[in-house]
Amino acid sequence: MDMELIYLAIPLASLFGAIMAGFFGKAIGRSGAHTVTIAGVATSFILSLMAYNHIVLEAGDIYNQTVYTWMVSDGLRFEIGFLIDQLTVMMLCVVTGVSLMVHLYTIGYMHDDPGYQRFFSYISLFTFAMLMLVMSNNFLQLFFGWEAVGLVSYLLIGFWYKRETAIYANLKAFLVNRVGDFGFILGIAAVVMYAGSLDYKEVFSAAPQIANQTINLVGDEQWSVMTVICILLFVGAMGKSAQFPLHVWLPDSMEGPTPISALIHAATMVTAGIFMVARMSPLFEFSETALAFVMIAGAITALFMGLIGIVQNDIKRVVAYSTLSQLGYMTVALGVSAYSAGVFHLMTHAFFKALLFLAAGSVIIAMHHEQDMRKMGGLRKYMPITWITSLIGSLALIGFPGFSGFFSKDSIILAVGESHLPGADIVYLMVLAGVFVTAFYSFRMYFLVFHGEERMDQHTKEHLHETPWVVTVPLVVLAFFSVVIGWVTIEPMLFGEYFKDVIFVKESHNVLSQVGEHYHGQWAMIQHGIASWPFALAMAGVGTAWYIYMKNPQIAVTASQKFSFIYKMLDKKYWMDELYVKVFSDGSRGLGKGFWKGGDVAIIDGLIINGSAKLVGWFASVVRHMQTGMLYHYAFAMIIGLVGLLYLFASPVS
Amino acid sequence: MFADWPLLSLVVWLPIIGGAAVLLSGDKGGSEGARRLALIISVATFVLSLGLYTNFDSSTPVMQFQERFEWIGDFSIFYHLGVDGLSMPLIVLTTFTTIIVVLAGWEVIQKRASQYLAAFLIMEGLMVGVFSALDSMLFYVFWEAMLIPMFIIIGVWGGPNRVYATIKFFIYTFFGSVFMLVAMIYMYYQSGSFAILDMHAMKLDMTEQTLIFFAFLAAFAVKVPMWPVHTWLPDAHVEAPTGGSVILAAVMLKIGGYGFIRFTLPITPDASASLDWLIIGLSLIAVVYIGFVALVQSDMKKLVAYSSIAHMGFVTLGLFVVFRIWGNPANGDITGAALAVEGAMVQMISHGFISGAMFLMIGVLYDRMHSREIADYGGVVNTMPVFAAFAVFFAMSNAGLPGTSGFVGEFMVILAAFKASFWIAFLAATTLILGAAYTLWMVKRVFYGEIKNDNVKALQDLNQRELFIMSILAVAVLALGLYPAPLVDVMHASVDNLLHHIAQSKLP
């Protein structure tokens, strides 16, 4: 079969489902809506596997073609087109695979929701937008997909539009993302100016020349053009992938229904920034300043967002902060030029984080939409499948040797250890400390939910039972991948030739090849892992969580009192929300009021417009005295006027 | 089809004569007849104007569909019409918008409906006249005449404070056009011709150019409107009936942008080059300052009016940033000047659709609740889910979401502006944040949340007619956003020609 048609059908199948469920939701009913969208996404998934088969297994041709020309202006071609290579097919499989699981799960989770069809329409639309983003071969379509996933995220966070918290969170998410997009669009503009094209291939081939140019931004200082381009593009990634200081929208996005927290705010959309930077490796490699910037932003996010996760009591928020922290790890990997490690962690994380979210959702269903972990406990008896799969997800997250997260996260840490970027030493310590933090909050959650005292009320307890199969099957499938996907793929992706033609790394930055020199197979890596710091730290984290939350719960209370400042700082998320509200929200409104009342109303209308009206009024009151009612006064004035006009017209023209 | 018809004259005079007929049909025995007649005329005019698009030769910048007769021989004033790729799209926008306006007032306007519809039809003909006139006196006559129906629409069918708004509108626009007239007469004395294309070829020294530049600026800046001569617009919108707001935002503001393209840039290129900083500065003020002002409006119509000013800032920015692009030594081989001008043009067309839709939406709410205050609403989605879906769609277009027409022009202008200067692009790009903030915050307060009061609870969702209007606008916004090539392709030759004129010094 013609591959071109397959590629085209991958996003369109999902779009078709979205249109059917969206516009004809009433006509086709609830089961019609989930049937058509699931069929659409399943088609996308199967075709994605075929694309994977063609590109990777059969080593077929990489596809890089225009679908249609959006417009041509000034010699610049704006196109919609696909680039299907190893990176794309990997993303295609992850996106459609997780999306399919989430679609299935949604049947159970949204069972009683009046907006059932609308929800299916949105998640299919999201899948379409995300596919367009990853399949793009140019910056225009990248931006299209980039903003379109933001739109669907906005719609889904505010899905329960009656809730004040939800509609606050979706506005916040959209605006913070727009701050990122503001940088992103400037980055694209810079690319167009210096490369003269929006096409990836042409831009990448122009990269070495661009690298030699400088741009003058402030005063006389010359900046490397590539640094400016990369930092601007990365600002976009900071918005979408929630990197410090644009991370504030992600925890609030948990106001949306849990299936989309798994799909959009953990597995796919938030990794768009990571994907983008990896895609742009031929640009980022030419700016060490930008790379260092990326690395540091990632490290701050990895450690400090993880710390907040420790004090959260809402089960979804713990997972949300964990997502932030893991995105930080991926970003660090990009910063040290270990792009493939970042993308590798993106993939493993997509599985285990989607699993953790869906498991949390399963708990939430069983608890009758209670999300506070202080009212849970001992659930393992009632929900064995959710319990086991959660344990698997948590082990993958903390990087327990053998699980997928171990391969990806340890690789990142090893890569940072090899890096020579300025600041890499401190970043290394930060990502190591993050391992302890990750293990601690993960197992704090695990123990609070599944073990210990049963703290729910009697009514909830009586109704506790395992969730239906549409919920548990996705959990089992995702758990399977959370275990094996790292083992299976680490060799080709990190140390093999999988990304050879896709990701470009300068020899002087190639940390992964140094890591690879010590790599002797998965078993050897596990054995080595057990004897190294990350494992010890992770075990210490698990042990501490066990001691504090199982053995001696009093410690948590005493500690929070004893270190009340630190507790408060974490509980208040470093006061960043308050700061942003004060400075940006209130500040903008104050500025707007000032401009409006001071500028428009007082000066322009008050002083100039009404002032000149007054002046005319005053003038009229003076001139009024000249209206004497005497005919000869008027006649005299007319004569003077006539003479004046004659003089004007008769003399100067010639 | 229509190839050998005097198409332009038909598109100008059919609605004017038809408007007179609607006026004569009167409202005795119901206005149904007047409404139907008005609809037929507006659709017929639109179909004729499509003939301009289908028969247009986009390979040449030469004026097409020309008609030329002597009008006032003693002053060599001609009835001379013709269009190029810059005016033709604006004519189609005008005829399209008029259909929307006729439909939008269908059941809403009960008071003297035939006069109301006649005013819009006559105004349509006059606005098409402005876009197609190639004689400056003819242009001026259309330009001034077009305002009369608008004054009547606001003054008769307007809100409680309509007299203040009408007078403010009148004084602002009249103040501007007087200077334009003086400039035209001056050029006539210098060249002996009122023909606009002759003026393009005139040699003018720097003093003359500068004076003429400012005379035109007075006229066009008020129309666009540019800061600081914009304060008439929010008042006029607030008092105007929905149809008046739609025409005002969708078409009338474009006449200012068109004026810069047809007069200022080709006639006074040297003055424009030396004063580019002024227009660029005012445009950026429109984007940033007005963006903040829009944020704090409590009246929905005022908010959208300010949003219009901010979006029109991209038009003037795109037109004048050309000089900075040419002046930037760091610029590569693709100049970006044509990108900027075409971006400005696309922004005008797109803003026509989107601002029209925004004002229609406010009209839908106003017809039901007789309030434009954001605070009176809340949770409208609960009672009007279909309408809310359109609202979110048009709000996203207003915020420039890719895939909608709102994105295209802004994207082109920002890309081009970067070639002029990082900081111009930086300030222009703030619209991504500000535009989203003021539009979506309004959506949140009006549409989302629990039902706020009994009035909202009693709301009825869109009727068939409203649904139809919203749908065709949505299709237009989406079509232009997903495939803008058909629009920009008709402009290329004319834009290149315009740039050629701008690049040539007109100094003697």
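The largest nonpolar core here runs to 453 residues, and F139(A) and L283(A) are the ones with the most contacts inside it. Helix α15 of chain B, residues 337-369, supplies the largest share of this core, at 21 residues. Keep in mind that this is a predicted model.

**Inside the core**

- L283(A) and F139(A), the two residues with the most contacts in the core, also touch each other.
- Setting aside residues up to four places away in sequence, L283(A) also touches V203(A), F204(A), A207(A), M226(A), I229(A), C230(A) and L233(A).

**A buried glutamine in chain A**

- Have a look at Q326(A), which sits in helix α14 of chain A (residues 315-335).
- Is Q326(A) buried or exposed? Its relative accessibility is 0%, so Q326(A) counts as buried, the cut-off being under 20%.
- The side chain of Q326(A) makes a polar contact of 2.9 Å with the side chain of H345(A).

**A buried glutamate in chain B**

- E466(B) is part of helix α22 of chain B, which spans residues 464-482.
- With a relative accessibility of 6%, E466(B) falls under the 20% cut-off and therefore counts as buried.
- Which residues does E466(B) contact, leaving aside its neighbours within four places in sequence? They are V364(B) and R368(B).
- With R368(B), there is a side-chain to side-chain polar contact of 2.8 Å.

- Chain B carries a nonpolar surface patch of about 820 Å².
- The patch is made by V163(B), I167(B), F170(B), I171(B), F174(B), F175(B), V178(B), F179(B) and V182(B).
- Take F175(B) from that list: it lies in helix α7 of chain B, residues 162-191.
- The relative accessible area of F175(B) is 48%, so F175(B) is classed as partly exposed.

**Cis peptide bonds in chain B**

- Most residues other than glycine have a negative phi, and most peptide bonds are trans.
- The bond from V224(B) to P225(B) is cis, with omega near -20°.
- The bond from W227(B) to P228(B) is cis as well, with omega near 5°.
- Where do these prolines sit? P225(B) is in the loop between α9 (206-223) and α10 (232-239) of chain B, and P228(B) is in the loop between α9 and α10 too.

**Positive phi at two histidines**

- H368(A) isn't a glycine, yet its phi is positive, near 55°.
- You'll find H368(A) in the loop between α15 (339-366) and α16 (384-398) of chain A.
- At 44% relative accessible area, H368(A) is partly exposed.
- In chain B, H370(B) has a positive phi of about 55° and is no glycine either.
- H370(B) sits in the loop between α15 and α16 (380-383) of chain B.
- Is H370(B) buried or exposed? Its relative accessible area is 58%, which is over the 50% cut-off, so H370(B) is exposed.

Terms used. Residues are numbered from 1 along each chain as its sequence is written. Chains are lettered from A and ligands numbered from 1 in the order in which they are written. This is a predicted model: local features need pLDDT of at least 70, side-chain atom pairs count only at pLDDT 80 or more; totals for chains, interfaces and linings use all residues. Side-chain values use heavy atoms; hydrogens and water are left out. Patches are made of residues with over 30% relative accessible area and no salt bridge: like charges are joined within 9 Å, nonpolar side chains (Val, Leu, Ile, Met, Phe, Trp, Tyr) within 5 Å. Accessible areas come from the Shrake-Rupley method with a 1.4 Å probe; for residues, only the protein chains shown count as cover. A salt bridge is a side-chain nitrogen of Lys or Arg within 4 Å of a carboxyl oxygen of Asp or Glu. Helices (H or I, at least four residues) and strands (E, at least two) are DSSP runs, numbered from the N terminus. Buried means under 20% relative accessible area, exposed over 50%, partly exposed in between (1.4 Å probe, protein chains only). A nonpolar core is a set of buried Ala, Val, Leu, Ile, Met, Phe, Trp, Tyr and Cys residues joined through side-chain atoms within 4.5 Å. Contact means heavy atoms within 4.5 Å. A polar contact is a pair of N or O atoms within 3.5 Å; within protein, one must be able to donate a hydrogen and the other to accept it, and residues adjacent in sequence count only if both atoms are side-chain atoms.
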